[in-house]
Amino acid sequence: MAAIEQNINNVYNYGELSEIKAIFFDLDNTLIPTRTGDTKACRQVTDILQQKYGFTKDEANYTTHNFLKSFRRCPDDCQSTLDAWRQHLWRESLPPKYKELADTIYGIWLELRYHYLALPVEYVKLLQRLRQKYLLALITNGPSNAQWEKVRRLNVQQHFDCLLVSGDLPWEKPNPNIFYATCKYLNVQPEHCCMVGDKLESDIKGGNLAGLGATFWLPLTLEEIDDLLHNQAEGDEQNKPTYILSNLMEFCNYFNVTTNKEREQQQQQQLQQHVPEYKSQSKNILNCRGRSSTPPVEFSTSESDNSSDSI
């Protein structure tokens with residue numbers, strides 16, 4: 001742990017990353033603000049229930065709290081469509097005298113949800129710049145229908161050469177096979193790739209187990225960083241990222257795709273907030289067969305495990 005704490009400031013080491021050819025991104029809470037977006041959508045629905053439909057404050061809060069809790073616990077159901085399942089969750093969450101509003105409230109919530117989940121403009125520009133020099137892949141855990149709905153409604157697929165959803169596959173992050181499949185379809189070696197994500201236990205651990213060239217962690221809170229530095233076991237090397245990002249826009253500095261003005265802004269932010277840097281140890285390398293394709297690949301098999309990191 002002492003070695004970790006000695007490298008307390010990130011340094012933009014272009015030489016160390018010069019062999020990177022492909023960048024893998026997580027979706028939820030990395031590229032799109034899923035957790036905060038869903039919370040904001042439900043807060044606005046709470047106001048609408050009171051102002052338009054005559055709910056008391058307690059009734060509205062009870063309804064949206066129960067819906068969000070149920071939705072995060074089970075965002076999809078393989079026995080029904082996405083619409084039918086979510087309408088069922090709203091119906092179960094509404095007080096008895098308001099249950100007939102379930103379909104209406106669901107439609108309001110759905111529009112608000114995708115308003116708040118929209119890919120930020122600066123992230124779109126970042127992906128466009130990166131794609132001029134690197135292959136880009138999206139690797140997301142979660143139920144197939146729910147994740148592909150996000151991808152298509154938010155028009156995320158246009159920014160990537162390859163997209164994988166764990167619900168379509170026999171494995172999910174951190175299983176290294178999902179990373180190896182991505183390498184195969186992009187015709188790159190694992191050591192020439194890096195992973196960007198918000199979860200140590202899936203994005204970072206998986207990237208390390210697969211022997212990727214680097215892993216970038218985007219923690220949701222400063223408390224997560226403190227926990228990594230001071231509370232994780234010494235031997236738990238697979239959960240340790242190569243770099244920690246204070247925000248996603250900082251990522252482009254490592255690959256020298258920022259303008260001078262943007263770099264100055266990033267440096268000012270770094271003066272206000274320091275984040276750690278350290279190296280992971282895993283180098284499990286797999287030789288991959290390749291393919292070339294112009295449109296993005298939507299990699300899929302028929303098996304689904306319905307596990308999710310999409311909240």
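Before we start, some sorting words: Ala, Val, Leu, Ile, Met, Phe, Trp, Tyr, Cys and Pro count as nonpolar, Asp, Glu, Lys and Arg as charged, and the others, Gly among them, as polar. Keep in mind, too, that this is a predicted model.

**Stop 1: the largest pocket.** Select Asn29, Thr30, Pro33, Leu218 and Leu220, the lining residues that lie nearest the centre of the largest pocket. In total, 14 residues line this pocket, and its volume is about 230 Å³. What kinds of residues make up the lining? Eight are nonpolar, five polar and one charged.

Stop 2: Side chains of opposite charge can pair when their charged atoms come close. The structure holds nine salt bridges. Pick Asp26 and Lys173, whose closest N and O atoms are 2.9 Å apart in a salt bridge. Asp26 sits in the loop between strand E1 and helix H2, while Lys173 is in the loop between strand E3 and helix H8, 147 residues apart. Both Asp26 and Lys173 are buried.

**Stop 3: Glu59 and Lys97.** Here the closest N and O atoms of the salt bridge are 3.6 Å apart. Glu59 belongs to helix H3, and Lys97 to the loop between helix H4 and helix H5. Is Lys97 buried or exposed? Lys97 is exposed, at a relative accessible area of 55%.

**Stop 4: helix to helix.** Finish with Asp103 and Arg91, which meet in a salt bridge at 3.0 Å, N to O. Asp103 lies in helix H5 and Arg91 in helix H4, so this pair ties together parts 12 residues apart in sequence. Asp103 is partly exposed at 42% relative accessibility, and Arg91 is partly exposed at 31%.

Methods. Residues numbered from 1 in each chain as written. Predicted model: local features only at pLDDT ≥ 70, side-chain atom pairs only at ≥ 80, totals over all residues. Heavy atoms only, no water. 1 Å grid on protein atoms, 1.4 Å probe; cavity = no way out; pocket = protein on both sides within 12 Å on 5 of 7 lines; lining within 4 Å. Points joined across faces, edges and corners; volume = space filled by probe spheres on them. Salt bridge = Lys/Arg side-chain N within 4 Å of Asp/Glu carboxyl O. Helix = DSSP H or I, 4+ residues; strand = E, 2+ residues; numbered from the N terminus. Buried < 20%, exposed > 50% of the residue type's maximum accessible area, 1.4 Å probe, protein only.
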